[in-house]
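Work through the exercises below with the model open. Try each task before reading its solution.

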Amino acid sequence: MTENNFDAFRTRCLARIESTLDEILPPTSVQPSRLHEAMRYTVLASGKRIRPLLAYAAGEAMGVDSAVLDRPACAVELIHAYSLIHDDLPAMDDDDLRRGRPTCHRAFDEATAILAGDALQTLAFQVLAEAPGLCAESRIRMVETLSRTSGSRGMVGGQAMDLEAEGTPLDVAMLENIHIHKTGALIRASVQMGIRARGDVVPDHAERLDHFAKCLGLAFQIKDDILDVEGDTSEIGKTAGRDLELDKATYPAIVGLAEAKEMAKRLTKDAHTSLEVFGESADALRWVAKALLERKH
């Protein structure tokens, strides 16, 4: 897949993502309209859509029709959006900007933001349960995957560990454990959506894709940490330097900025290596990994 072909693939997928998200989110004309407005405000804001894009790219490697992944891909994005709402709350990171505009609790109010996050979380599982084009077993396995990776043993657990670690000296292994859960779990879940959509997966292939996702999840977080140091608020869409202000443990803080950049490169290379068995069918995954390493926001 050339860069032009990937751009075309990405454009097609993004169109599917935006259309499906608009379809599955309750309209503001339906009560409670303010809650539905807050949900749509957060989810439909301009974003990278990395997680659903990964689901489509993993499906491409597995030979799965994109249409089958429309709702599973967007279910992961709903969980991600809910996590951002709650992560920005005063009791958590207390942030004012997300995706270049006021965070949900600033645009609405704190109570509405909490409820919007709650509603997006439950909507994600409704979307999976009703996803067309999948057998019952695939839907159940997707629900199991997303519930496990977004709960206390996945994303939410990582958030809890991250909060507990504020102001506490950490080493690289401890920081990696936090981010395998906080950031990496949903990225792995996204790739799993592409795997779960196909029933006859070779175990080695599933393991290679999961290793790709694990490496990518850590590289993604390291890049986020780097952007928090080097990025500009207007470009990255959230408050630059927020991690330092909150005394959060980050890769640049622990190993230095130069080594953090090298770590991200090594992890991305490792991710690419795990895809060798798939040949050209995994090119979309390779391009996503490349884009994440080179991103400016």
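**Exercise 1. The whole protein**

How many helices and strands does the secondary structure of the protein come to?

Solution. The model is a predicted one. Its secondary structure comes to 16 helices and 2 strands. Next, take the radius of gyration, which is 18 Å. The globule rule gives 19 Å for 297 residues, so the protein is as compact as a globular protein of that length. Along the principal axes, the C-alpha atoms fill a box of roughly 50 × 45 × 35 Å. Then turn to burial: 53% of the 297 residues are buried.

**Exercise 2. A helix pair**

Find the angle at which helix H8 and helix H9 pack, and the residues that meet.

Solution. Start with the ranges: H8 covers residues 155-164 and H9 covers residues 172-182. Their axes lie 6 Å apart, at an angle of about 145 degrees. The crossing is left-handed. Now list the contact. H8 brings Met 155, Gly 158, Gln 159, Met 161 and Asp 162. H9 answers with Asn 177, Ile 178, His 181 and Lys 182. Sorted by class, this contact has 3 nonpolar, 4 polar and 2 charged residues.

**Exercise 3. The surroundings of H9**

Which residues of H9 are buried, and which helices do they pack against?

Solution. Apply the cut-off for buried, under 20% relative accessible area. Leu 175, Ile 178, His 179, Ile 180, His 181 and Lys 182 are buried. The buried residues of H9 pack against H4 (70-87), H8, H10 (184-196), H11 (203-230) and H14 (251-255). Finish at the N-terminal end of H9, which Asp 171 caps. A side-chain oxygen of Asp 171 lies 3.2 Å from the backbone nitrogen of Ala 173.

Conventions: Residues are numbered from 1 along each chain as its sequence is written. This is a predicted model: local features need pLDDT of at least 70, side-chain atom pairs count only at pLDDT 80 or more; totals for chains, interfaces and linings use all residues. Side-chain values use heavy atoms; hydrogens and water are left out. Axes are lines fitted to C-alpha atoms, for helices over the stretch in contact, and angles run from 0 to 180 degrees between N-to-C directions. Helices (H or I, at least four residues) and strands (E, at least two) are DSSP runs, numbered from the N terminus. A crossing is left-handed if the near helix is turned anticlockwise from the far one by less than a right angle, and right-handed if clockwise. Contact means heavy atoms within 4.5 Å. Ala, Val, Leu, Ile, Met, Phe, Trp, Tyr, Cys and Pro count as nonpolar, Asp, Glu, Lys and Arg as charged, and the others, Gly among them, as polar. Buried means under 20% relative accessible area, exposed over 50%, partly exposed in between (1.4 Å probe, protein chains only). A polar contact is a pair of N or O atoms within 3.5 Å; within protein, one must be able to donate a hydrogen and the other to accept it, and residues adjacent in sequence count only if both atoms are side-chain atoms. The radius of gyration is taken over C-alpha atoms; the globule rule is 2.2 Å times the number of residues to the power 0.38.
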